[in-house]
Amino acid sequence: VQLVESGGGLVQAGGSLRLSCAASGSTFSIMAMGWYRQAPGKQRELVAAITGGGSTNYADSVKGRFTISRDNAKNTMYLQMNSLTPEDTAVYFCNAKLIIIATITPHDYWGQGTQVTVSS
């Protein structure tokens with residue numbers, strides 16, 4: 001399974017970006033997907049997550065500004081980021097916890113990361 005991210009870039013404070021994460025490869029069932037971020041010198045942190053049933057969870061720092069969603073038909077997850085601040089600057093990683101149907105085994109996958117830079 002491959003996770004391909006897109007949508008990062010440079011934006012001014014107060015602006016918006018939408019990240020996408022497309023999953024492809026073996027036939028799978030999604031247990032949960034999420035977005036993590038890692039700023040220079042800091043640990044990777046969970047930003048938002050969405051379960052297979054559609055329940056969502058957000059870090060306190062992004063509640064009310066970020067929205068996670070998923071298009072099951074396209075096996076694609078999105079992160080709509082509004083009211084961005086310089087503190088949101090980081091590399092954003094897509095994560096997927098999947099069950100591979102052929103083997104009925106759980107696997108954890110990561111995307112390559114996409115840079116989000118918010119200028120003041």
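This is a predicted model: local features need pLDDT of at least 70, side-chain atom pairs count only at pLDDT 80 or more; totals for chains, interfaces and linings use all residues.
Residues are numbered from 1 along each chain as its sequence is written, and side-chain values use heavy atoms, with hydrogens and water left out.

Let me begin with the overall fold. The protein has 11 strands and 0 helices, where helices (H or I, at least four residues) and strands (E, at least two) are DSSP runs numbered from the N terminus. The radius of gyration is 14 Å, close to the 14 Å that the globule rule gives for 120 residues, so the protein is as compact as a globular protein of that length; this radius is taken over C-alpha atoms, and the rule is 2.2 Å times the number of residues to the power 0.38. Along the principal axes, the C-alpha atoms fill a box of roughly 50 × 25 × 25 Å.

If we take the contacts with a separation of 6 or more, residues 24 or more positions apart account for 56% of them, a contact being heavy atoms within 4.5 Å. As for charge, there are 9 positive and 7 negative side chains, and the centres of the two sets lie 3 Å apart; here Lys and Arg count as positive and Asp and Glu as negative, without His or the chain ends, and the place of a charge is NZ of Lys, CZ of Arg, CG of Asp or CD of Glu.

I would now like to turn to one residue in particular. Arg37 lies in strand S4, which covers residues 28-38, and Arg37 is buried, with a relative accessible area of 6%. Which side chains make polar contacts with the side chain of Arg37? Glu45 does so at 2.7 Å, Asp88 at 2.9 Å, Tyr92 at 2.9 Å and Ser61 at 3.4 Å, where a polar contact is a pair of N or O atoms within 3.5 Å, of which, within protein, one must be able to donate a hydrogen and the other to accept it, and residues adjacent in sequence count only if both atoms are side-chain atoms. Leaving aside residues up to four places away in sequence, Arg37 also touches others, including Val47, Val62, Phe66 and Val91.

Asp88, one of these partners, sits in the loop between S8 and S9 and is buried, with a relative accessible area of 1%. Beyond four places in sequence, Asp88 touches Arg37, Arg65, Phe66, Ser83, Val116 and Val118.

That brings me to Ser83, which is in the loop between S8 and strand S9 (90-100) and is partly exposed, with a relative accessible area of 41%. Although Ser83 is not a glycine, it has a positive phi of about 50°. Asn75, likewise not a glycine, has a positive phi of about 50°; Asn75 is found in the loop between strand S7 (66-71) and strand S8 (76-81) and is partly exposed at 27% relative accessible area. Most residues other than glycine have a negative phi.

Conventions. Buried means under 20% relative accessible area, exposed over 50%, partly exposed in between (1.4 Å probe, protein chains only).
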